Amino acid sequence: MAKPKIAIIIGSTRDVRFGDKPAQWIYDTASKRDDMDFEIVDLRDFPLPFFNEKASNAWVPTESEVGRRWQKKVAEFDGYIFVVAEYNRSITAALKNALDYSYPEWNRKPAAAVGYGSVGGARAVEHFRTIAVELQMVPTRPGVHIQGADFFAVWQQGKALSELTHLEPGVKTMLDDLSWWATALKTAREKA
């Protein structure tokens with residue numbers, strides 16, 4: 001069986017977003033492993049219009065060309081790491097819109113999260129997990145939260161996330177759990 005292919009999805013499209021930094025850090029760290037393959041997927045590359053389809057693509061084909069292109073991209077992967085910014089105690093509108101544009105492509109695949117912002121993005125990650133359940137993803141319990149002093153050390157003081165070695169055990173735990181779920185669910189999907 002081929003190794004699970006994992007997307008690291010940057011969940012913010014703002015011009016001044018922070019999300020590139022944790023996405024690249026997680027990619028650099030995860031790519032040293034030999035149990036999964038990783039790719040950064042940037043929502044900026046998929047300028048999705050605000051969801052205005054007749055229904056979910058679970059029931060009706062999507063009319064938007066970029067929506068269909070997004071669905072094809074999502075379908076390539078066996079699991080996901082979402083880089084989740086916290087905006088007003090929730091996920092970004094861009095991420096919610098992207099999640100809504102696909103349905104069967106997400107099903108029976110694991111979803112891990114790297115949160116940042118107020119309280120390490122914990123409230124947004126928690127909200128994301130409830131959305132993931134509705135999309136029939138398997139949200140993993142372990143996550144990574146970049147909060148407070150760590151967030152400001154990187155964002156305002158120019159430190160690299162790789163310098164914050166106290167975050168490494170959490171990253172390893174998240175990736176180990178993601179690997180287990182990605183392999184188990186990939187095996188089950190291929191047998192179905």
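Where in the structure does S90 lie? S90 lies in the loop between β3 and α3. The model is predicted.

**Helix α1 and its buried face**

- Helix α1 spans residues 20–30, and its buried residues are P22, A23, W25, I26 and A30.
- These residues cover an arc of only 165 degrees around the axis, which puts them on the same side of α1.
- The cover over the buried residues of α1 includes the strands β1 (5–10), β2 (37–42), β3 (79–85), β4 (110–116) and β6 (144–146).
- Helix α6 (168–191) is also part of that cover.

**Packing of α1 against α6**

- In general, two packed helices are described by the angle between their axes and the distance between the axes.
- For α1 and α6, the axes come within 11 Å and cross at roughly 70 degrees.
- Angles from 65 to 115 degrees count as roughly perpendicular, and α1 and α6 are therefore roughly perpendicular to each other.
- The crossing of α1 and α6 is right-handed.
- On the α1 side, the residues that meet α6 are W25, I26, T29 and A30.
- On the α6 side, the residues that meet α1 are V171, M174 and L175.
- Sorted by class, the contact of α1 with α6 has six nonpolar residues, one polar residue and no charged residues.
- W25, I26 and A30 are among the buried residues of α1, and W25, I26 and A30 also take part in the meeting with α6.

**Helix α2 and its buried face**

- Helix α2 spans residues 65–75, and V66, G67, W70, Q71, K73 and V74 are buried in it.
- Seen down the axis of α2, the buried residues fall within an arc of 160 degrees, so they line one face of the helix.
- The buried residues of α2 are covered by elements that include the strands β1, β2 and β3 and the helix α3.
- A75 also lies in α2, but A75 counts as partly exposed because its relative accessibility is 42%.
- Leaving aside neighbours within four places in sequence, A75 is in contact with E105 and K109.
- A75 and R17 are 58 residues apart in sequence, and their C-alpha atoms are 26 Å apart in space.

- Most residues other than glycine have a negative phi.
- R89 is not a glycine, yet its phi is positive, at about 70 degrees.
- R89 is found in the loop between β3 and α3 (93–100).
- With a relative accessible area of 57%, R89 is exposed.
- R108 likewise is a residue other than glycine with a positive phi, near 60 degrees.
- R108 is found in the loop between α3 and β4.
- With a relative accessible area of 54%, R108 is exposed.

- Is S90 buried or exposed? S90 counts as buried, because its relative accessibility is 16% and the cut-off for buried is under 20%.
- R89 is found in the loop between β3 and α3, and S90 lies in that loop too.
- Not counting residues up to four places away in sequence, S90 touches A85, A124 and H127.
- S90 and W106 are 16 residues apart along the chain, and 20 Å separates their C-alpha atoms.

**The loop between β2 and α2: A58**

- A58 is found in the loop between β2 and α2.
- At 31% relative accessibility, A58 counts as partly exposed.
- Which residues does A58 contact, leaving aside its neighbours within four places in sequence? A58 is in contact with Y103 and P104.
- A58 and W155 are 97 residues apart along the chain, with their C-alpha atoms separated by 39 Å.

**Helix α6: D176**

- D176 is found in helix α6.
- D176 is partly exposed, with a relative accessible area of 32%.
- From C-alpha to C-alpha, D176 and G120 are 21 Å apart in space, and they are 56 residues apart in sequence.

Definitions and conventions. Residues are numbered from 1 along each chain as its sequence is written. This is a predicted model: local features need pLDDT of at least 70, side-chain atom pairs count only at pLDDT 80 or more; totals for chains, interfaces and linings use all residues. Side-chain values use heavy atoms; hydrogens and water are left out. Buried means under 20% relative accessible area, exposed over 50%, partly exposed in between (1.4 Å probe, protein chains only). Helices (H or I, at least four residues) and strands (E, at least two) are DSSP runs, numbered from the N terminus. The arc is that of the directions from the helix axis to the C-beta atoms. Contact means heavy atoms within 4.5 Å. Axes are lines fitted to C-alpha atoms, for helices over the stretch in contact, and angles run from 0 to 180 degrees between N-to-C directions. Angles under 35 degrees count as roughly parallel, over 145 as roughly antiparallel, 65 to 115 as roughly perpendicular and the rest as oblique. A crossing is left-handed if the near helix is turned anticlockwise from the far one by less than a right angle, and right-handed if clockwise. Ala, Val, Leu, Ile, Met, Phe, Trp, Tyr, Cys and Pro count as nonpolar, Asp, Glu, Lys and Arg as charged, and the others, Gly among them, as polar.
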